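Please examine the model shown below alongside this report.

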Amino acid sequence: MTGFSAYWLSLREPVDHRSRDIALQNKLRSHFEHLFFSTDRPMRILDLGCGTGSNLRAIADSLPAHQQWTLIDYDLELLKAAKAELTSWSGAESTAELSPLTITRQAKQIEVAFLQEDLAINIEQVLAKDCDLVTAAAFFDLVSNSWLTRFCGSLRCPFYTVLTYNGDEQWSPVHDADAEMLQAFHRHQQHDKGFGVAAGPNATEILIEQLRLRAYETETASSPWVLTAPEDQMLIQALAHGSAKAVQETALVSNETIQSWLNRRLKATQCVIGHSDLWSAPFKEKNRV
Ligand SMILES: C[S@@+](CC[C@H](N)C(=O)[O-])C[C@H]1O[C@@H](n2cnc3c(N)ncnc32)[C@H](O)[C@@H]1O
């Protein structure tokens, strides 16, 4: 397991939501508004690596009136947390364990199913389900080049993924070891998270190449975390500690340098972490309306 804690996911959720590229999200909205304009059929959505359900909370308001989500993660505790979070977010009636949830919110009816699945193993079976959109947030940098090939080869519908780490980082004030630390951090990013050597910051480029080979149109946008506000301090500190620990595990940088970098970073006043969002649909999809 990669071991993402519900606490870490709750710390990043408000920043994730404000960092998403709005133009690309509007493209998602208008694509499905158009397709579902004259049908009562629910829109079916698969959310890969759902964590506590942040992606649904971010985009449900942009999607058609009747939605059926399947939230997929291999971490049972996160799936339980997702159900609890969505229950309190929507004021829905609480139901047993991981049974489906029905949310009524802003004139939308949203049915949510929770599925425990190891996507490293079962991505082909998951993508064989009938669905209108495959989506994910902060997931695709964990996977490998070969898994991306499997994923793109099995994808049959539009795809929207956001907040894939792209390797750009700017911290202020600067530190002499910034470049050395970032290089080592990127090496750590490649560690196997269960999918093979992780694509890390290269994931979006690989996705674009693979999707275009399969006649999908692709459009990307930048969605950096820009952390400057006093309320961002906890996330800045968590990032600083996380990066220092990751670099230490690589043994590529001396402990003295890491400690000096960390001391400075814990007092950082500004930090920008680069991410990319990606929208992709089969070319023929455009003409289906
Ligand atoms: C960075 S978190 C993002 C969570 C959520 N999408 C969000 O935006 O807050 C990555 C998620 O991928 C899940 N994950 C990692 N490896 C997985 C696998 N092999 N199968 C299913 N889920 C996996 C983790 O449990 C975690 O919930």
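## Backbone geometry in the loops

Ala251 lies in the loop between helix H9 (233–250) and helix H10 (255–265), where helices (H or I, at least four residues) and strands (E, at least two) are DSSP runs numbered from the N terminus. This is a predicted model, in which local features need pLDDT of at least 70 and side-chain atom pairs count only at pLDDT 80 or more, while totals for chains, interfaces and linings use all residues. Residues are numbered from 1 along each chain as its sequence is written, and side-chain values use heavy atoms, with hydrogens and water left out.

Most residues other than glycine have a negative phi, and most peptide bonds are trans. Ala251, although not a glycine, has a positive phi of about 60 degrees, and at 67% relative accessibility it counts as exposed; here buried means under 20% relative accessible area, exposed over 50%, and partly exposed in between, with a 1.4 Å probe and protein chains only. Glu97 likewise has a positive phi, near 35 degrees, and is found in the loop between helix H4 (76–90) and strand S3 (101–105), where it is exposed with a relative accessible area of 62%. A positive phi, near 65 degrees, is also found at Ala215, which follows H8. The peptide bond from Ser172 to Pro173 is cis, with omega near 0 degrees, and Pro173 is found in the loop between strand S6 (159–172) and helix H7 (178–189).

## Cysteines without disulfides

The structure holds zero disulfides, a disulfide being a pair of cysteine sulfur atoms within 2.5 Å. The sulfur of Cys152 is too far for a bond, because the closest cysteine sulfur, in Cys157, is 12 Å away. Cys157 is in no disulfide either, and the nearest cysteine sulfur to its own, that of Cys131, is 3.5 Å away. Cys152 is buried, with a relative accessible area of 1%, and Cys157 is buried as well, with a relative accessible area of 5%.

## Helix packing

Two packed helices are described by the angle between their axes and the distance between the axes. The axes of helix H5 (residues 119–127) and helix H6 (residues 145–154) come within 9 Å and cross at roughly 10 degrees, the axes being lines fitted to C-alpha atoms, for helices over the stretch in contact, with angles that run from 0 to 180 degrees between N-to-C directions. H5 is therefore roughly parallel to H6, given that angles under 35 degrees count as roughly parallel, over 145 as roughly antiparallel, 65 to 115 as roughly perpendicular and the rest as oblique. On the H5 side the contact (heavy atoms within 4.5 Å) is made by Leu119, Ala120, Ile121, Ile123, Glu124 and Leu127, and on the H6 side by Trp147, Arg150, Phe151 and Ser154. These residues divide into seven nonpolar, one polar and two charged, where Ala, Val, Leu, Ile, Met, Phe, Trp, Tyr, Cys and Pro count as nonpolar, Asp, Glu, Lys and Arg as charged, and the others, Gly among them, as polar.

The axes of H7 and H9 come within 8 Å and cross at roughly 75 degrees, which means that H7 is roughly perpendicular to H9. Met181, Ala184, Phe185 and His188 of H7 meet Ser243, Ala244, Ala246, Val247, Glu249 and Thr250 of H9 in this contact, which by class has six nonpolar, three polar and one charged residues.

## Buried and partly exposed positions

In helix H8 (residues 203–213), the buried residues are Ala203, Thr204, Ile206, Leu207, Ile208, Gln210 and Leu211, and what covers them includes H6, S6, strand S7 (216–222) and strand S9 (270–282). Val134, placed in strand S5 (residues 133–137), counts as buried at 1% relative accessibility. Not counting residues up to four places away in sequence, Val134 touches Leu46, Leu48, Leu127, Phe151, Leu155, Cys157, Pro158, Phe159 and Tyr160.

His66, found in strand S2 (residues 66–73), is partly exposed, with a relative accessible area of 23%. Leaving aside neighbours within four places in sequence, His66 is in contact with Asp40, Pro42, Met43, Gln109 and Glu111.

## Annotated span

UniProt, in an unreviewed entry, lists residues 45–88 for "domain: Methyltransferase"; UniProt positions are given in the numbering used here, feature names are shortened, and annotations may be inferred rather than shown by experiment. In the model, the end C-alpha atoms of residues 45–88 lie 21 Å apart, and the span is 43% helix and 27% strand.
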